[in-house]
Amino acid sequence: LDTRTMGFFDYLRVSKAPKLHVAIDKGVGHPVILLHGIASSSVTFDNVVPLLGSHHRVIAIDLLGFGGSPTPASSGYTMQEHVDALARTIRSLHLRGRITLVGHSLGALIATRYAAAHPAVLSHLILVSPPVYLPGKTVLDPVERLQMDAYRRIYDYLRSNRSFTEAGAKALAALSPIKNAVEVTSKNWRAFSLSLEQCIESQTTVSDLAQVRVPIDVLYGTRDPFLALVGLRVIGRMRGVATTKVEGVDHLIRVRLAQAIVAKIENPTPPTTLIRVIS
């Protein structure tokens with residue numbers, strides 16, 4: 001963590017943040033940090049880790065409130081709290097050189113904010129299946145505006161109907177080819193509902209991306225039901241961003257999507273335009 005880019009009070013805030021659970025830390029070489037999505041844990045990357053060679057130091061971290069990480073009762077699970085906890089954890093790893101940061105779903109949004117706030121730490125940002133939602137009033141197409149509103153209504157329903165959401169998550173987990181890839185229980189309900197509200201429904205991903213100073217690869221499956229095409233279209237046109245569609249893939253990181261992720265880790269897409277820097 002480059003403290004040169006942080007103010008004194010920012011440094012104090014990060015120092016007081018909870019340290020997250022590092023579920024995987026293996027290999028040597030260029031550091032690759034993996035961040036999972038909401039209602040999941042580091043098992044999200046079960047198909048990715050075996051494909052990465054020994055020339056990487058592969059680190060999978062459980063987000064605040066999920067997996068083996070702390071679930072502080074005082075946390076509001078805001079984007080800032082997620083990023084501060086991640087920053088403290090990365091700092092504690094004493095990594096050498098710049099890192100590749102890979103985020104899936106909610107982890108992609110957190111990774112984007114982290115990259116914007118800590119520009120000296122990264123060499124490459126990879127966003128997998130990022131749920132980029134725009135404010136309804138900014139979407140001109142009426143059909144796409146309805147889609148934005150529909151996502152928010154669905155998420156509001158999930159937050160307001162705990163028993164339905166927990167039962168649905170349990171059913172999805174039973175069907176998932178990745179064990180424990182979806183988990184909503186009494187243990188992580190507060191983290192789930194607040195992270196959904198504070199980080200996904202109320203997000204600033206587009207403005208965060210505009211401040212990232214490293215190459216950005218975005219990957220997503222053509223069958224992903226959680227992605228808004230208008231949001232992907234907007235970020236795909238931003239400077240420094242390269243987008244890869246993986247045919248026939250849904251939100252989970254199955255083998256085909258895992259292979260695409262590893263290919264980008266090994267060979268980042270050169271940005272086709274200059275990377276925009278906002279002071």
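Begin by selecting helix H6 (189-201) and helix H8 (229-236) in this predicted model: both are among the elements that cover the buried residues of helix H4.

Next, select helix H4 itself, residues 142-160. Its 19 residues reach 27 Å from the first C-alpha to the last, close to the 27 Å expected at 1.5 Å a residue. Display the side chains of Glu144, Met148, Tyr151, Tyr155 and Arg159, which are the buried residues of H4. Now turn the view to look down the helix axis: the buried residues fall within an arc of 70°, so they line one face of H4. The spacing follows a general rule: an α-helix has 3.6 residues a turn, so residues three or four places apart point the same way.

Then move to the N-terminal end of H4 and select Asp141, which caps it. A side-chain oxygen of Asp141 lies 2.9 Å from the backbone nitrogen of Val143.

Strand E3 (residues 56-61) runs parallel to E2 and is joined to it by 6 bridges. Strand E4 (residues 99-104) also runs parallel to E2, with 4 bridges between them.

Finally, centre the view on Val32. Opposite this residue stand Val58 in E3 and Thr100 in E4.

Methods
Residues numbered from 1 in each chain as written. Predicted model: local features only at pLDDT ≥ 70, side-chain atom pairs only at ≥ 80, totals over all residues. Heavy atoms only, no water. Helix = DSSP H or I, 4+ residues; strand = E, 2+ residues; numbered from the N terminus. Expected span 1.5 Å × (residues − 1). Buried < 20%, exposed > 50% of the residue type's maximum accessible area, 1.4 Å probe, protein only. Arc of directions from axis to C-beta. Contact = heavy atoms within 4.5 Å. Polar contact = N/O pair within 3.5 Å; in protein donor to acceptor, adjacent residues only side chain to side chain. Pairing = 2+ DSSP bridges.
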